[in-house]
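Open the model in your viewer and keep the selection panel at hand. The stops below each name something to select and then say what is there.

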Amino acid sequence: MNIELVLFLVLGLLAVVSALMVVSRKSPIAATMFLVMHFMALGGLYLLLHAQFMAVVQVLVYAGAIMVLVVFVIMLLNLGDEQSLSEKVTKRETSGIALSMLLGGALIFAVTRAVRPHTSDAAAAALNNGTIEAVGKALFTTYVFPFEMISLVLLAAAVGAVVLTKRHLV
Amino acid sequence: MLSLPIEYYLVLSAVIFLIGAVGVITRRNAIIIFMCIELMLNAVNLTLIAFSQYLGNMVGQIMVLMVMTVAAAEAAVGLAIVLALFRNKQTVYLDEVNLLKW
C-alpha cells in the first residue's frame, strides 16, 4: 500500500460519506456543514492530482464564498427541519432512487471501460500542470477570450440577483 | 506521482454524482436541492481535473475554472430566487410551489 492509495482512500471515503450526509440530513445547516467538509475532501483530492491551484480555488470559492452565501440565506429564511424525511419513502422517491441507480450503473460501466490515457510523459507534465504559473499562463494567453466572457456571466448574475431580491421594481 | 489508475477517480466522481442526483430527486427543500446540484457540479470537476492531469493537458483545468464561475453565478441567482419565492409563498418546499403546474 503506497501513500497515494492510502490518501486517496481516506479522502474518497470522507467525500462520499459527507456527500451522503448532505443528502440525508433534515436540518439545512447540518447539510451545509457536511457540504463544506465534502469540498475540503475534494480539495485534498485535487492536491493528490497535483492540481494545487484548483485545490486552493476549491477551498476559497466553494468552501469559503458559496457556502457563506448559502448559510446566510438559510439564516435569513429561518427554516425548521424538513418533516417529510421521517415519513416513509413515497413511490416517487423509490422510483427516483431506482432511476439514479440505473444512471450510476451506466456511469460506472462507462468509466471503467474508458481508454487508459496514462502515459509516463503525460504524468511528468502533470507535475507542472497544476501550478498557478501554468494555469495563469494558459488563462491569460490561449484562453483569454473565454476568461473575459465569463466575467460577463458574473456581471449578469450579480445584476440578476439584485433585481430578483428587490422588493418593488421600478 | 499519479501512480493510481485513473479509473479510481472516475468511479469516485461517478459515485458522488449519483449521490447528488438522488438528493435532487428525493428532497423537497429548495436549498438542499441547490446543494445537491453543487455536489454534482463538483463530481464533474473531479473528472475534468483527473483527465487533465492524466492526459497532461491544461484545458480540463481551465474548464473547471469556468464551471466554478458559473456555479458562483448560479449560487447568487438561485438563492435570490429562493428568497423571492419565500417572500411570496412563505415556503421553500418545492412540492408546495405548483403555480405553473396544471
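Begin by selecting B:E96 and B:R28, whose side chains meet in a salt bridge with an N to O distance of 3.5 Å. B:E96 sits in the segment after α3 of chain B and B:R28 in the loop between α1 and α2, so this pair ties together parts that are 68 residues apart in sequence. B:E96 counts as partly exposed, at 39% relative accessibility, while B:R28 counts as buried, at 13%. Keep in mind throughout that this is a predicted model.

Stay in the loop between α1 and α2 of chain B and select B:N29. Is B:N29 buried or exposed? B:N29 is buried, with a relative accessible area of 0%.

Now show chain A and chain B together. In this pair, 72 residues of chain B are in contact with 86 residues of chain A. The two chains bury about 7100 Å² between them, and 76% of that area is on carbon and sulfur atoms. Which helices of chain B supply at least two residues each to the side that touches chain A? They are α1 (6–26), α2 (30–55) and α3 (59–89). The most comes from α3(B), with 23 residues. Sorted by class, the side of chain B that touches chain A holds 55 nonpolar, twelve polar and five charged residues.

How many salt bridges does the rule find across this interface? The number is zero. For polar contacts across the interface, the rule finds six residue pairs, with both residues at pLDDT 80 or more.

B:Q53 is buried, with a relative accessible area of 0%, and its side chain reaches the backbone oxygen of A:H50 at 3.1 Å. The next stop is B:T69, in helix α3 of chain B. B:T69 is also buried, with a relative accessible area of 16%. Leaving aside neighbours within four places in sequence, B:T69 is in contact with A:I150 and A:L154.

Chain A has seven helices and zero strands. Of its 170 residues, 36% count as buried. Take the contacts in chain A between residues at least 6 apart in sequence: 60% of them join residues at least 24 apart.

Select helix α6 of chain A, residues 132–140. Its buried residues are A:A134, A:V135, A:A138 and A:L139. Viewed down the axis of α6(A), these buried residues fall within an arc of 125°, so they line one face of the helix. Turn to the face directed away from the buried side, and you will find the exposed residues A:I132, A:E133, A:K137 and A:F140.

For the last stop, keep A:K137 and A:E133 selected. Their side chains meet in a salt bridge, 3.6 Å from N to O. Both A:K137 and A:E133 are exposed. The two are four residues apart in helix α6 of chain A, and are therefore separated by about one helical turn. An α-helix has 3.6 residues a turn, so residues three or four places apart point the same way. Over all chains, the count by this rule comes to two salt bridges.

Note on methods
Residues numbered from 1 in each chain as written. Chains lettered and ligands numbered in written order. Predicted model: local features only at pLDDT ≥ 70, side-chain atom pairs only at ≥ 80, totals over all residues. Heavy atoms only, no water. Contact = heavy atoms within 4.5 Å. Buried area = accessible area lost by both parts, 1.4 Å probe. Salt bridge = Lys/Arg side-chain N within 4 Å of Asp/Glu carboxyl O. Polar contact = N/O pair within 3.5 Å; in protein donor to acceptor, adjacent residues only side chain to side chain. Nonpolar A, V, L, I, M, F, W, Y, C, P; charged D, E, K, R; others polar. Buried < 20%, exposed > 50% of the residue type's maximum accessible area, 1.4 Å probe, protein only. Arc of directions from axis to C-beta.
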